[in-house]
Amino acid sequence: MTEERYDNLENKVLPIDNFLKAKEDANEISQLLIHMRQVRQAVPVNRRLQVELRKKLLERQRELMNQGPAGNSLPEVSKAKNHLMYRWRPRLPVIVGALAVIMVVFFLGYGQFAKGQDHLAVVGTPQELTRFWTEDVPLQPAISPDGSKIVVVRGGGLVLLSNTGTQLASLEPPAGATFRSPAWSPNGNQVSFVLSHQGSEEIKQIAAEELTASGKINRANSEPQTLGQRTMASQDSIALNETKADDQQKDIHYSNLVYSPDGQNLAYVVNKLGEPTEIWVRSSDGQEKKITNGDAPTWSPNGKFLVVQRPGRAKIYDLWLVNVASGDAEILGPGENPVWGKSGYLAFCTEAIQERVLTFQPNGEPQYKVRQQMAEMRSTYLGKDGSHMLKKLTAGEGWLTNSHLLVAPENRISGIEINWLRQQEMSGSFEPKTLVLNEIFKCEGQVFGPEDQWLLFARRDGDTVALLKLNVEKK
Amino acid sequence: MTPATQNRHPDGDLPFEELYDRYFEQVNRYLRYRVDTTWDADDLTTTVFMKALENFSKYRAEGPFSAWLFRIAHNVYVDYIRGRREYVTNDGFLESAVGSDDGPEQAVLQGEEIIRLRKLLIELAPDYRDVVALRYAAELRFAQIAEVLGKSESAVRMLHHRALKQLRQRYVCEGGNAR
């Protein structure tokens with residue numbers, strides 16, 4: 001079987017007449033199989049049943065959990081035990097009732113103790129706030145502590161948005177420089193970011209007031225195209241407090257700035273050319289310390305741990321829980337781009353390769369297939385320090401078993417696949433082939449809003465990237 | 001930290017509600033494809049998932065959840081057919097097709113195609129019918145079909161080959177528009 005990458009294909013639409021002629025010559029069984037698949041797709045699915053049955057199953061699941069495993073496997077009863085049972089039979093209903101009450105209290109209490117909250121449930125569908133052209137730099141939004149404003153990086157500058165997606169202001173960097181990886185301090189006073197200029201990078205800070213005021217200044221401007229825009233002509237023109245300056249050290253890149261919940265520490269990623277990425281923490285007194293290797297750090301609610309991602313097996317990432325003081329790390333499970341909310345929930349992405357069969361050979365084997373990497377967003381409860389999750393994992397519980405789906409991967413058949421099919425049929429080659437497409441819904445930029453009531457994330461869609469808001473609630 | 005999971009299928013790490021979300025459509029469509037009244041097909045779908053939930057602890061993740069689930073679905077379907085032999089079948093699909101997302105005319109045409117195809121499937125031997133339905137309505141692989149039907153994979157392939165041959169001959173005679 002051969003594979004073709006979409007990148008290597010000429011993306012041309014072939015003449016429909018030739019395509020139809022090719023179809024006429026095709027094998028009758030192939031046509032029948034295609035037809036059968038078409039008929040299958042025409043069978044409607046009962047969506048109302050899907051919703052109702054889901055509720056019913058969840059209720060039944062709760063009932064089964066309350067019954068416990070003892071209900072399914074009663075031990076053999078010996079004669080002696082029968083005798084005891086006979087003696088206790090008159091009091092049996094009372095005993096059973098008392099046991100049932102104890103069990104219910106125990107399960108409810110344990111559930112609260114073990115999980116804090118059951119899980120993070122999605123409310124409604126993701127709401128698109130705004131959309132940008134796709135860039136190489138991921139859209140890494142930062143949310144102000146009160147949730148009213150969002151900062152993103154586009155075109156190398158900082159763009160300030162309202163929480164409904166309206167652009168309020170933008171701050172352009174000095175000529176030849178770019179901004180990256182903004183992070184809003186928990187007290188709301190400062191925004192940190194990376195300034196990249198002529199190969200060297202520094203972590204800078206700007207007073208949040210300066211950033212928000214930049215729009216107000218320019219609103220007075222009558223030029224609509226420059227509304228809300230201000231150019232940072234030089235580093236001195238805006239009160240930038242340099243926190244790390246090392247112009248001599250080229251080929252060192254900084255990214256993924258994130259403040260600890262108390263605002264006393266700033267974690268960031270250091271990427272030196274040809275070396276694994278490192279997580280560093282800078283404390284408020286200016287001291288810097290390497291914590292561990294990894295990427296995409298996120299702080300625990302108590303500020304003592306980080307969850308980071310590291311490359312795992314088969315080109316997927318694993319999430320690790322890292323003790324900031326000691327640097328000790330324990331693996332959690334597969335995932336990437338984690339974000340740990342104040343109420344203890346961790347949102348992260350997982351990826352899986354999905355294969356779809358487009359056409360079949362006469363013997364029923366797949367002929368043309370599409371292989372694509374799909375990402376989905378999930379959440380799990382880690383608590384304040386992740387210790388409960390570690391206990392569960394040690395007890396053999398699966399990482400994904402303890403997580404819930406937040407955003408499912410999109411499953412769309414694109415014009416690329418249809419064109420590729422036409423090309424195959426036109427070429428006259430009917431050997432099995434697999435089209436390998438680029439990843440869709442690359443997870444990026446997830447961040448919790450205040451009190452973890454909503455989650456912001458970005459979704460790439462062709463040449464554009466959408467900023468989406470997903471409302472969530474604790475259940 | 002986590003135990004070695006090389007022999008364990010990833011479906012084994014997923015909670016039941018997520019497996020339900022993933023496979024509801026496949027099971028409901030499979031049963032609506034095979035059973036001639038939508039009401040019965042939906043009832044059977046409910047039965048399948050209820051049974052799957054009750055027996056979820058027995059799923060050992062030695063293979064994909066779909067094969068395990070469709071073994072239940074197949075058994076539920078067989079029980080249904082056995083219990084219905086004395087009854088006359090009804091055509092409920094025209095009604096259900098009208099309720100689909102397409103326009104009424106297109107929906108009726110699709111409904112007719114489904115009925116025609118099902119009629120041809122019914123004329124096949126039961127073994128052939130099962131293999132074709134599990135392959136094209138449930139979209140299972142041969143190995144999974146073998147697991148569901150309790151046959152070897154080579155036997156399933158042979159049944160499939162013969163079934164298609166018969167089906168094609170009959171479909172051409174019927175004048176189906178195999179496009």
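Trainee: Which residue is the bridge partner of A:Trp299 in β17(A)?

Mentor: As a general idea, strands of a sheet pair through backbone hydrogen bonds, either parallel or antiparallel. In this predicted model, A:Trp299 has A:Leu306 of β17(A) as its bridge partner. Their strands, β16(A) and β17 (residues 305-311) of chain A, pair in the antiparallel sense over three bridges.

Trainee: In what order do the strands of this open sheet stand?

Mentor: The order is β16-β17-β18-β19 in chain A, with antiparallel pairing. At the edges stand β16 (295-299) and β19 (329-334) of chain A; each has a single partner strand, so one side of each is left without a neighbour in the sheet. On average, neighbouring strands of this sheet are turned by 25 degrees against each other, direction ignored.

Trainee: Which strands of chain A form the open sheet that begins with β12?

Mentor: That sheet has four strands in the order β12-β13-β14-β15, and the pairing is antiparallel. Its edges are β12 (252-259) and β15 (288-293) of chain A, and because each has a single partner strand, one side of each lacks a neighbour in the sheet. From one strand to the next, the twist averages 30 degrees. Within this sheet, β14 (residues 278-283) of chain A runs antiparallel to β15(A), and five bridges join them. A:Arg282 has A:Glu288 in β15(A) as its bridge partner.

Trainee: How many residues lie between the strands in the hairpin of β4(A) and β5(A)?

Mentor: There are two residues between them, and A:Gly155 in the turn has a positive phi of about 60 degrees. The strands themselves, β4 (residues 149-154) and β5 (residues 157-162) of chain A, pair in the antiparallel sense over six bridges. A:Gly157 in β5(A) is the bridge partner of A:Arg154.

Trainee: Which residue takes a positive phi in the hairpin of β5(A) and β6(A)?

Mentor: A:Gly165 does, with a value near 95 degrees, and this hairpin has four residues between the strands. Four bridges join β5(A) to β6 (residues 167-172) of chain A, and the two run antiparallel. Opposite A:Leu160 stands A:Ala169 in β6(A).

Trainee: How many helices and strands are there in chain B?

Mentor: Chain B has eight helices and zero strands. Of its 179 residues, 39% count as buried. Among contacts in chain B with a separation of 6 or more, 65% are between residues 24 or more positions apart.

Definitions and conventions
Residues numbered from 1 in each chain as written. Chains lettered and ligands numbered in written order. Predicted model: local features only at pLDDT ≥ 70, side-chain atom pairs only at ≥ 80, totals over all residues. Pairing = 2+ DSSP bridges. Axes fitted to C-alpha atoms, helices over the stretch in contact; angles between N-to-C directions. Buried ≥ 20, exposed ≤ 12 C-beta atoms within 10 Å, placed from the backbone. Contact = placed C-beta atoms within 7 Å.
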